[in-house]
Amino acid sequence: MLFTINSLDGLALVVEALSSLVEKGYRVILLEGDLGAGKTTLVKALCQEWGVMDLVSSPTFSLVQEYHSPGQGTIYHMDFYRLNTLVDLEQIGLYEYLDSGNICLIEWPELGMSYFTMPHVSVSIKNEKDNIRNLRITTNDAVDA
């Protein structure tokens, strides 16, 4: 699926599409895009949709944030931007998070691609001119969802 948005209001359709995929069993969502593309903003919109009352912020320094959703249960929000090796991923307990069955929202997932052998969704966010963002959502088999 491809979405072109130019405001936060435009995220509603993206959130709806991702929520539908989560309901179908996709519990891992990988968020790719340049700095400032809107990865954390998308996570905030998802968490708001799912009723999270916690403050949602970038886990760049904490690496993992944990939120609670009344309908979705525990949600893990991860950021691999500052990680350099696969050992770093093992030290934060990535396998345990992925095996938990809980929703995992992962920013900067490139380092961990070999870990994502389960069904997952990739969201690629591209900044364009005039505050326009193109978001491409694909499932793990690269077939448009």
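The model is predicted. Its chain has a mean pLDDT of 91, with 97% of residues at 70 or more. The fold contains an open sheet of 7 strands with mixed pairing.

**Confidence**

- Within the chain, confidence is lowest in β1, where the mean is 92.
- Confidence is highest in β5, at 97.

**The sheet**

- The strand order is β1-β7-β6-β2-β5-β4-β3.
- The edges are formed by β1 (2-5) and β3 (64-69), each of which pairs on one side only.
- From one strand to the next, the twist averages 20 degrees.

**Strand β5 and its neighbours**

- Strand β5 covers residues 103-107.
- Because 5 of the 5 residues of β5 are buried, this strand is largely enclosed by the rest of the structure.
- Both faces of β5 are covered, with I103, L105 and E107 buried on one side and C104 and I106 buried on the other.
- On one flank, β5 pairs with β4 in the parallel sense over 5 bridges.
- Across this pairing, I75 stands opposite I103, and D79 stands opposite E107.
- β5 also runs parallel to β2, and 4 bridges join the two.
- In this second pairing, I29 stands opposite L105, while L31 has E107 as its bridge partner.
- E107 is therefore a residue of β5 that is buried, like the other residues named on its face, I103 and L105.

**Strand β2 and strand β6**

- β2 (28-33) is mostly covered, since 5 of its 6 residues are buried.
- β2 and β6 run parallel and are joined by 5 bridges.

**Helices**

- Helix α1 (residues 11-23) lies across β1, β2, β5, β6 (121-127) and β7 (133-139).
- The direction of α1 is at about 10 degrees to that of β7.
- Helix α2 spans residues 39-49, and its buried residues are K39, T40, L42, V43, A45, L46 and C47.
- After α2 comes G51, which has a positive phi near 80 degrees.

**H77**

- H77 sits in strand β4 (residues 73-79).
- Is H77 buried or exposed? H77 counts as buried because its relative accessible area is 0%, and the cut-off for buried is under 20%.
- The side chain of H77 makes a polar contact with the side chain of E107, at 2.6 Å.
- Beyond residues up to four places away in sequence, H77 touches T40, V43, V56, S57, S58, P59, L63, V64, Q65, Y67, L105 and E107.
- Among these contacts, T40 and V43 are buried residues of α2, and L105 and E107 are buried residues of β5.

**V123**

- V123 is part of strand β6.
- V123 counts as buried because its relative accessibility is 0%, and buried means under 20%.
- Leaving aside neighbours within four places in sequence, V123 is in contact with L18, I29, L30, L31, E32, L42, L135, R136 and I137.
- The C-alpha atoms of V123 and G101 are separated by 20 Å, and the two residues are 22 apart along the chain.

**Cysteines**

- How many disulfides does the count give? The count comes to 0 disulfides.
- C47 is in no disulfide, and the nearest cysteine sulfur, that of C104, is 12 Å away.
- A disulfide is a covalent bond, and it joins the sulfur atoms of two cysteines.
- C47 is buried because its relative accessible area of 1% is under 20%.
- C104 also counts as buried, at 0% relative accessibility.

How values were computed
Residues numbered from 1 in each chain as written. Heavy atoms only, no water. Buried < 20%, exposed > 50% of the residue type's maximum accessible area, 1.4 Å probe, protein only. Polar contact = N/O pair within 3.5 Å; in protein donor to acceptor, adjacent residues only side chain to side chain. Contact = heavy atoms within 4.5 Å. Pairing = 2+ DSSP bridges. Axes fitted to C-alpha atoms, helices over the stretch in contact; angles between N-to-C directions. Disulfide = S-S within 2.5 Å. pLDDT = per-residue confidence, 0-100.
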